[in-house]
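Reader: I am new to reading protein models, and I would like to go through one slowly. Could you take my questions in turn?

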Amino acid sequence: MSPREAIRILMLSPVYFRLSLSQRWQLVREYCCNFNRSGVR
């Protein structure tokens, strides 16, 4: 999953907008890493 795809999904959560910019990027990186590790495509 690309960061752009992750952001599109994460933006659906109201919590996403309460995070700081650095927290958002950390969340995006973790989301992508976990998604890609799971093998789901």
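**A tyrosine and its surroundings**

Reader: How many helices and how many strands does the chain have?

Author: Please keep in mind that this is a predicted model. The C-alpha atoms of the chain fill a box of roughly 30 × 15 × 15 Å along the principal axes, and within the chain the count comes to two helices and zero strands.

Reader: Which residues make up the largest nonpolar core?

Author: Buried residues account for 15% of the 41 residues in the chain. Helix H1 (3-10) and helix H2 (21-38) each supply at least two residues of the largest nonpolar core. That core has six residues, namely Met 1, Ala 6, Leu 10, Tyr 16, Val 28 and Cys 32.

Reader: Is Tyr 16 buried or exposed?

Author: A residue counts as buried when its relative accessible area is under 20%. The relative accessibility of Tyr 16 is 8%, and therefore Tyr 16 counts as buried.

Reader: What kind of aromatic pair do Tyr 16 and Phe 17 form?

Author: Phe 17, at 45% relative accessibility, counts as partly exposed. The ring centres of Tyr 16 and Phe 17 are 5.4 Å apart, with 90 degrees between the planes. Planes over 60 degrees apart count as edge-to-face, so the pair of Tyr 16 and Phe 17 is edge-to-face.

Reader: Which residue lies over the face of Tyr 16?

Author: Leaving aside neighbours within four places in sequence, Tyr 16 is in contact with Ile 7, Leu 10, Met 11, Arg 24 and Leu 27. At 5.0 Å from the ring centre, the residue over the face of Tyr 16 is Arg 24.

Terms used. Residues are numbered from 1 along each chain as its sequence is written. This is a predicted model: local features need pLDDT of at least 70, side-chain atom pairs count only at pLDDT 80 or more; totals for chains, interfaces and linings use all residues. Side-chain values use heavy atoms; hydrogens and water are left out. Helices (H or I, at least four residues) and strands (E, at least two) are DSSP runs, numbered from the N terminus. Buried means under 20% relative accessible area, exposed over 50%, partly exposed in between (1.4 Å probe, protein chains only). A nonpolar core is a set of buried Ala, Val, Leu, Ile, Met, Phe, Trp, Tyr and Cys residues joined through side-chain atoms within 4.5 Å. Contact means heavy atoms within 4.5 Å. Rings of Phe, Tyr and Trp (its six-membered ring) pair if their centres lie within 6.5 Å; planes under 30 degrees apart count as stacked, over 60 as edge-to-face and the rest as tilted. A charge sits over a ring if NZ of Lys or CZ of Arg is within 6 Å of the ring centre and within 35 degrees of the ring normal.
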